[in-house]
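Please open the structure in a viewer and keep the selection panel at hand. The stops below are meant to be visited in order.

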Amino acid sequence: GGFVVIASDITLLKEREVALHAAKEQAEAANRAKTEFLTNMSHELRTTLTAIIGFSEIIANQSFGPVGQPKYQEFADDILHSGRHLLDVINDMLDIAKLQSGMTELRLQRVPSRGIVDAAVRIVRKKAEQAGVELELMIPPDMPIIQADDQRLRQVLLNLLSNAIKFTPAGGQVSIIAERRDTGLAIIVRDTGIGMAPEDLPRALQPFVQVDTSLARRHGGTGLGLPISKLFIDLHGGQFHIRSA
């Protein structure tokens with residue numbers, strides 16, 4: 001009689017295994033379809049946006065002669081800024097979709113870490129000045145050569161610096177610090193901004209979850225900057241930590 005019990009148990013296990021396997025395949029197929037859809041959509045949107053950005057830039061810069069009404073030039077400038085912002089949002093969404101489905105590949109090469117930091121700082125310096133935020137660099141002269149995808153690493157630093165500037169009130173300070181550690185190079189972006197509650201830290205790294213929706217709405221942005229940064233650092237085999245008070 002005992003055999004019957006074992007046989008039925010194995011049958012149940014087998015059935016469960018088949019069901020699980022089918023569910024896993026279904027989920028993977030859905031994920032692939034989502035990524036393909038986002039990729040195609042993003043391509044369509046980018047093409048349209050490139051035209052919007054290009055033409056509004058020509059009008060804003062009065063490339064083909066003066067614009068009759070100064071107000072029109074202002075509007076062109078607004079269209080240009082909105083178009084660029086929309087492009088950033090689309091790029092973020094595409095990045096996160098590719099990262100989550102494991103489609104992102106790094107182009108690793110030997111790069112000077114100092115160059116990556118300098119490039120990121122150069123891009124955000126004006127934004128910091130406009131926001132009345134002081135940018136402080138604490139970088140040792142002997143920054144190492146590292147194995148990295150310099151474009152992606154620069155993107156991570158840009159995300160962190162832009163975030164820090166965005167959430168730091170005028171008169172505050174954003175510091176970028178680099179130090180050699182036993183495990184490698186540590187790059188720290190520190191700010192005197194509003195900070196996050198300890199219970200919000202895990203949520204800050206979840207894609208499509210914004211820690212404080214009222215703040216996010218007031219400051220703009222997709223809320224994808226931190227999750228994207230963490231995923232890129234993970235891909236590099238590095239570690240990403242947030243500490244906040």
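In which helix does Ser-162 lie? Select Ser-162 in this predicted model: the residue belongs to helix 4, which covers residues 150-166. Its relative accessibility is 18%, so Ser-162 counts as buried, the cut-off being under 20%. Next, display the surroundings of this serine. Apart from neighbours within four places in sequence, Ser-162 is in contact with Val-124 and Lys-127.

Continue to helix 3, residues 113-131, and select Arg-114 and Asp-118, which both lie there. Their side chains form a salt bridge, with an N to O distance of 3.2 Å. The two residues are four apart, or about one turn of the helix. Residues three or four places apart in an α-helix point the same way, because there are 3.6 residues a turn. Arg-114 is partly exposed, at a relative accessible area of 32%, and Asp-118 is also partly exposed, at 25%.

Select helix 1, residues 2-60, and within this helix Lys-24 and Glu-28, again four residues apart. A salt bridge joins their side chains at 3.0 Å, N to O. Lys-24 counts as exposed because its relative accessibility is 52%, whereas Glu-28 is partly exposed at 37%.

A further pair to select is Arg-181 with Glu-179, whose side chains meet in a salt bridge of 2.8 Å, N to O. Arg-181 is partly exposed at 44% relative accessibility, and Glu-179 is partly exposed at 32%. Over the whole structure, a search finds nine salt bridges.

Now select helix 2, residues 70-100. From first C-alpha to last, its 31 residues reach 46 Å, close to the 45 Å expected at 1.5 Å a residue. Among the buried residues of helix 2 are Ala-76, Leu-80, Gly-83, Asp-92 and Asp-95. Just after this helix, Gly-102 has a positive phi of about 70°.

Which residues line the second largest pocket? Select His-81, Arg-84, His-85, Leu-87 and Asp-88 to see the lining. One of these residues is nonpolar, two are polar and two are charged. The pocket holds about 220 Å³ of space.

Finish at helix 7, residues 225-235, where the buried residues include Gly-225, Pro-227, Phe-232 and Ile-233. To see part of what covers them, show helix 2, helix 4 and helix 5 (201-204). Just beyond helix 7, select Gly-237, which takes a positive phi of about 80°.

How values were computed: Residues numbered from 1 in each chain as written. Heavy atoms only, no water. Expected span 1.5 Å × (residues − 1). Buried < 20%, exposed > 50% of the residue type's maximum accessible area, 1.4 Å probe, protein only. Contact = heavy atoms within 4.5 Å. 1 Å grid on protein atoms, 1.4 Å probe; cavity = no way out; pocket = protein on both sides within 12 Å on 5 of 7 lines; lining within 4 Å. Points joined across faces, edges and corners; volume = space filled by probe spheres on them. Nonpolar A, V, L, I, M, F, W, Y, C, P; charged D, E, K, R; others polar. Salt bridge = Lys/Arg side-chain N within 4 Å of Asp/Glu carboxyl O.
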